[in-house]
Amino acid sequence: MFETLSDKLQTALADVRGRGALTENDVAAAMREIRLALLEADVNFKVVREFTAAVRERALGAEVIGKLNPGQQVVKIVSDQLTELMGGAGRDLTFSPRPPTIVVMAGLQGSGKTTATAKLARYLREHHSASVAVAACDVQRPAAVDQLVKVGRQAGAEVYEQGTDRDPVAIAAWARDRAFSEGKDVLIIDTSGRLHIDRELMDELGRINKAVRPHAVLLVVDAMTGQDAVSVAEEFGRATGFDGVVMSKLDGDARGGAALSVKAITGKPILFASTGEKLDQFERFHPDRMAQRILGMGDVMTLIEKAQDAYDEQHATELERKLRKQQFGLDDFLDQLRQVRRLGPLQSLLGMIPGVDKQLRGMRIDEREFDRVQAIILSMTPAERRHPELINGSRRLRIARGSGTNVQAVKALIKQFEQMRKVMRQVAQGQMPDLGALMGTGGAGGPPTRLGR
Amino acid sequence: MARDWSDLFVLDGARVARPDAESSRDKGRDTGTGGRGGAFRRLRDNLRKTRQALTAEVQATLFEDPNEETWERLEEALIYADVGARTTAQIVEELEREASAGRLSGGGQLSERLVELLADAARTGEDRIDLRAKPTVILVAGVNGTGKTTTVGKLAWHLSNQLGLSVVVAAADTFRAAGIEQLEIWAERAGAAFSSRQAGADPGAVAYDAVEEAGRRGADVVLVDTAGRLHTQQDLMAELAKVSRVVAKQIPQAPHETLLTVDATTGQNGLRQARLFSETVPVSGLVLTKLDGTAKGGIALAIAQELGIPVKLIGVGEQIEDLRPFEPSEFARALVAA
């Protein structure tokens, strides 16, 4: 289920037939596509060069095996390499053995530091039951202190501020003392945006760090940053040092190559991902998912992880068995819909399915339609749910009456279901799913679930 | 090489642009912005000029005997500047073609031709801002953190201080915590009138109020600041379209100018931003912000090429004076400077 890059690679590797190893020519053609894809994703030029060299090594002689076509095979290598480079498993913020744990937020202007400060505060309170204070050390930007006061309070943190007339280093030191005397678990210090080439301000940041001796300095990086991400990270690393990165504005469609560049060049882990303007839209960073995003795939893991919270292990194996045996019935379909519905806003979730994010953009799932679907399925007998092909005219009428809908709606649902079943069969067999078929629904009566435009 | 403000703005004869900021700074006029950047900025500017002069020399040497490596290094430089693979390939291929056709001889000529090609790529569409309508409504939009509010502040200052125009600033960003307060401070510094409602109010209503007020006061320009939004947020894009429609109902030609702020550090996503924003509102120009950093803002070339949207203004710092008219050759030279 790799899209776009896989397609391009498949075209480039069109001559590779059946089983066998990838030759040097095959690989050269593929490397060009990979290079372009990564540059398009804003991965730093230097990093792309090193990366494609590493992939070339692995791709040469790699066997074209199994159900993946050569294009998909190469993409898998790229994906694995990306994930490795991104650093494998995600890491969490560590706490200092001696409270308060002090975190300094640093970065360019507009990168999202103040919002990230509040979000981190909320995250630590939620996930670690920490008592958090935030300090307003941005005295440069108009109303920055006001902003932190508002969002900090919203996050449930105490806000330490001394207006805009005091030196940020002095405010930071005062905040440190106060956090200590008030027994706070964590103190997060918001600083003003600064250019990495601004000697004066980089010195100031150094002095703030010296004054508070932070446990962690987090560099906030905007996910849409291009090639310059490396200069920024390198210089922040050199001048004042940082321990981890927060990627912001990941809810956009920027591929986020900057993440890979920063990690590759500085070796510092990306700890958090900020995925929206609301304070709860903040999570631990998952390197493997970022790797997939850079490649252009949907964020499969978030979906699966969310599902794990809501989904029974047993259910999953049972479903898999049914898929393989092609016993997937309307009960299972309803079950799936229910699971998905429990997981959260349907729109954002569907956007995460690999290969469909582009197609489903701008789609709306109507909760009322969902209720209709549920009503229709519940009006069927168990036998009908297992074998919808049984449903003839009179049965349709009965179901329509029982669910308070109409025959058209029942018909449309079954058609939709058949198409979904077909897609799942393909997925079970390791093929690229024909999502066009799934998207093609929509008839005169209107589909019961508007899964297409 | 810099472009004059009087060249950027289209004004009728009655209002003539006064000489630029230099004279007012000499008089020691307090713009209330704090002198933090002043001396440092001048030093940086001077250093940059020296660097550029040196680089021109270096480039000339590089191009003296162009070979495969030369073109590769040039490609690298343009990619580093976020020009993007496609536009880079086009430009480098063109230059290579002309070089092998013998039309260019010597590193100096090649170097100059490169700057020309890049500057041409940046030139597109109408690159001036027409201020003849009274009031002229300028809508400022963009992704979060790109510098909209600061740009509105700077523009308000230039319009009122350099051109002697009366400006109304509209705080249509009603979402961001303390966003209204932030803009109010800028309006004060700029000496512009400030029009706002309470936080959470309808942005369209704020824009409406501001245009009404401008009419009452006989103001020359209305600058509408809006909330940052990602181009992928359907509902927010719809909200922006609504703001535009509201002022259009009040004044048929409004908004006379719709400026999209793009952060110079933005990579290829900038093109998507510009594309989607311009599908929602009639984006007539870009403000390329934060060019005082190390990022070159090369994405502006792709935006110019593919969407025909020109850069009209550049932001070069956090102080109120740090806004300049866009000049293609200056931009092109900086793109390939070290």
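Predicted model: local features only at pLDDT ≥ 70, side-chain atom pairs only at ≥ 80, totals over all residues.
# Notebook: helix packing, domains and chain contact

H6(B) and H13(B) are oblique to each other.

**Entry 1**

I looked up where the two helices lie. Helix H6 of chain B covers residues 107-122, and helix H13 of chain B covers residues 328-335. Two packed helices are described by the angle between their axes and the distance between the axes. I noted both values here. The angle is about 125°, and the axes are 8 Å apart.

Next I checked the hand of the crossing. H6(B) and H13(B) cross in a right-handed way.

Then I listed the residues that touch. H6(B) brings B:Val115, B:Leu118, B:Ala119 and B:Ala122. H13(B) answers with B:Pro328, B:Ser329, B:Phe331, B:Ala332, B:Arg333 and B:Leu335. I sorted this contact by class and found eight nonpolar residues, one polar and one charged.

**Entry 1: chain B as a whole**

I found 13 helices and 10 strands in chain B. Chain B has 338 residues, and 52% of them count as buried. I also looked at contacts in chain B between residues at least 6 apart in sequence. Of these, 79% join residues at least 24 apart.

**Entry 2: domains of chain A**

I turned to chain A. Its domains are domain 1 (5-86), domain 2 (101-296) and domain 3 (303-439). I followed the contact between domain 1 and domain 2 of chain A. Domain 1 gives 15 residues to this contact, and domain 2 gives 20.

Which elements give two or more residues on the domain 1 side? They are helix H3 (45-59) and helix H4 (70-86) of chain A. H4(A) gives the most, with seven residues. By class, I noted 11 nonpolar, three polar and one charged residues on this side of domain 1.

**Entry 3: chain A against chain B**

Last, I looked at where the two chains meet. Chain A puts 33 residues into the contact, and chain B puts in 32. On the side of chain A, helix H2 (24-40) and helix H6 (144-154) are the elements that give two or more residues. The largest share, four residues, comes from H6(A).

Terms used
Residues numbered from 1 in each chain as written. Chains lettered and ligands numbered in written order. Axes fitted to C-alpha atoms, helices over the stretch in contact; angles between N-to-C directions. Parallel < 35°, antiparallel > 145°, perpendicular 65-115°, else oblique. Left-handed = near helix turned anticlockwise from the far one by under 90°. Contact = placed C-beta atoms within 7 Å. Nonpolar A, V, L, I, M, F, W, Y, C, P; charged D, E, K, R; others polar. Domains from an automatic or database assignment. Buried ≥ 20, exposed ≤ 12 C-beta atoms within 10 Å, placed from the backbone.
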